[in-house]
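Hi there,

Here is the structure I promised to pass on. Have a look at it first, and my notes follow below.

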Amino acid sequence: MSSALTERTSRELRTRTESILRALGAEPPEPGALSVRSPITGSELTSLQPSTVADVDRAIDRAADAFRDWRTVPAPQRAAVVRRLAQLLTEHQDELGQLVTLEAGKIGAEARGEVQEMIDICEFAIGLSRQLYGHTMPSERAEHRLMETWHPLGVVGVISAFNFPVAVWAWNTALALVCGDTVVWKPSEATPLTALACHSLLRRAALDVGADPEVHQLVQGAAEVGARLVDDPRVALVSATGSVRMGQIVAPRVAARFGRCLLELGGNNGAVVTPSADLDLAARGIVFSAAGTAGQRCTTLRRLIVHVDVVGPLLDRISSAYNQLHVGNPLDDGVLVGPLINGKAYTDMQKALERAQADGGELICGGERVEGFGDDAYYVRPAIVRMPAQTAVVREETFAPILYVLTYQDLDAAIELHNGVPQGLSSAIFTQNQREAERFLAADGSDCGIANVNIGTSGAEIGGAFGGEKQTGGGRESGSDSWKSYMRRATNTINYSTELPLAQGIRFE
């Protein structure tokens with residue numbers, strides 16, 4: 001792409017961005033030191049002023065003040081804010097999806113799907129507002145009732161990543177608000193505009209239903225902004241999504257002040273393909289999981305563990321599909337793979353490929369940069385590398401579209417290979433043998449928080465709890481009973497007798 005064409009495209013992207021922000025009720029920000037670049041061209045969309053330490057303190061102050069009243073509002077009434085937010089997201093799904101594409105580089109279908117995920121979690125939270133159940137337990141003492149109740153926790157700090165700039169925020173915020181908490185959100189510095197838009201929509205939702213808009217606060221900036229959230233004792237829960245390295249910094253700092261952490265960290269996800277697998281089905285699931293979002297999902301498939309008897313025909317199918325993937329501008333129709341977020345992601349990918357080949361890996365296809373989008377835009381063809389063993393580079397997460405292929409002969413060996421990495425987020429097995437499927441899902445099977453049969457590793461539904469084990473952090477977000485992370489539990493004993501018996505039959509008279 002010529003420099004003149006790149007500049008014209010960049011101007012068009014800036015104009016479109018300003019128009020979308022206004023449509024979503026968020027005025028374009030005042031220029032500042034934080035540059036916002038679109039991975040589509042690598043050019044600047046706009047800039048904004050990052051939050052200062054004083055700004056963060058004020059945001060936490062406002063959230064803490066709002067919590068005092070918000071916690072006493074009945075949960076079904078709190079859900080009115082979330083219901084109105086879902087309506088606004090539905091009305092503006094196209095605009096917000098386009099903003100995700102402009103800022104994060106996702107293709108249109110995935111960006112719109114991310115907004116749909118926000119709507120879905122809002123609907124889940126609305127129903128949850130009438131289901132924050134405790135238990136009643138039988139007491140060993142006559143005329144006593146023993147029960148547990150759940151109460152709002154406090155201020156929730158949400159630190160989100162660029163690759164899902166709005167969905168992960170919605171997972172946390174919809175549940176936190178219904179549970180009676182207030183939220184301070186620190187988005188990735190790479191995607192602050194989608195955050196401005198979502199913050200605007202939520203404040204509008206609160207005002208529309210007569211609720212306090214101060215229940216949600218937004219701060220912008222780099223690591224020092226997040227650090228202020230992490231260290232402030234008024235922030236009861238820090239929900240942080242990012243790298244393992246980030247989690248290793250956040251967790252001990254929150255623990256030092258006896259706060260709570262909800263961590264969603266790295267994934268190095270594997271899929272086992274057995275001899276009985278439907279290879280056409282497996283190939284479709286593998287290609288989307290490995291190449292979707294340009295390999296920039298925490299659930300991206302990075303390791304493919306295939307039985308020696310079927311590795312040849314399966315690789316033929318996958319490499320053929322890879323060669324047909326349309327890599328290009330995510331705003332264009334028919335594009336399936338958009339850009340990497342920035343130049344560092346491209347450099348990391350190239351270094352990983354070099355290491356893999358130095359370890360004896362064979363590059364089957366992909367890995368090269370796709371030119372024609374400007375010097376500062378980084379488009380790559382998804383790569384497949386056949387590896388002789390699970391070397392150090394394979395055991396690491398590279399946030400780019402590299403699929404390492406390993407082989408096995410025995411299912412127990414495949415599971416051991418699968419589990420032989422520090423991360424434990426998502427996993428899959430492709431098989432038509434029920435024993436193999438059940439073995440993979442058993443206690444001594446996959447050690448991940450998500451284990452699938454005959455679907456890929458990515459594309460989780462909001463109804464199930466999302467999260468992983470080991471270096472993935474152990475957190476759970478979204479569905480199931482993950483709401484308990486945002487509340488505190490109290491055990492209550494009620495004596496309605498005229499006596500005062502002690503537990504365990506103790507007499508103190």
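How much space lies in the largest cavity? About 80 Å³, going by this model, which is a predicted one. A search of the whole structure turns up one cavity of 30 Å³ or more. Its lining is made up of 14 residues, and those nearest the cavity's centre are Ala-104, Gly-105, Lys-106, Thr-293 and Gln-296. By type, the lining splits into seven nonpolar, five polar and two charged residues.

Next, a pair of helices. Helix 8 (residues 223-231) packs with helix 9 (residues 244-256) at an angle of about 30 degrees, and their axes are 9 Å apart. Angles under 35 degrees count as roughly parallel, so helix 8 is roughly parallel to helix 9. On the helix 8 side the contact involves Ala-227, Val-230 and Asp-231, which meet Val-250, Arg-253 and Val-254 of helix 9. Four of these contact residues are nonpolar, none is polar and two are charged.

Glu-143 has a phi near 55 degrees, a positive value in a residue other than glycine. Glu-143 sits in the loop between strand 3 (136-137) and strand 4 (144-152). Ala-294 also has a positive phi, near 55 degrees, and is not a glycine either. Ala-294 belongs to the loop between helix 10 (279-291) and strand 11 (301-307).

Are these two residues buried or exposed? Glu-143 counts as partly exposed, at 44% relative accessibility, whereas Ala-294 is buried, with a relative accessible area of 2%.

Best wishes

Technical notes. Residues numbered from 1 in each chain as written. Predicted model: local features only at pLDDT ≥ 70, side-chain atom pairs only at ≥ 80, totals over all residues. Heavy atoms only, no water. 1 Å grid on protein atoms, 1.4 Å probe; cavity = no way out; pocket = protein on both sides within 12 Å on 5 of 7 lines; lining within 4 Å. Points joined across faces, edges and corners; volume = space filled by probe spheres on them. Nonpolar A, V, L, I, M, F, W, Y, C, P; charged D, E, K, R; others polar. Axes fitted to C-alpha atoms, helices over the stretch in contact; angles between N-to-C directions. Helix = DSSP H or I, 4+ residues; strand = E, 2+ residues; numbered from the N terminus. Parallel < 35°, antiparallel > 145°, perpendicular 65-115°, else oblique. Contact = heavy atoms within 4.5 Å. Buried < 20%, exposed > 50% of the residue type's maximum accessible area, 1.4 Å probe, protein only.
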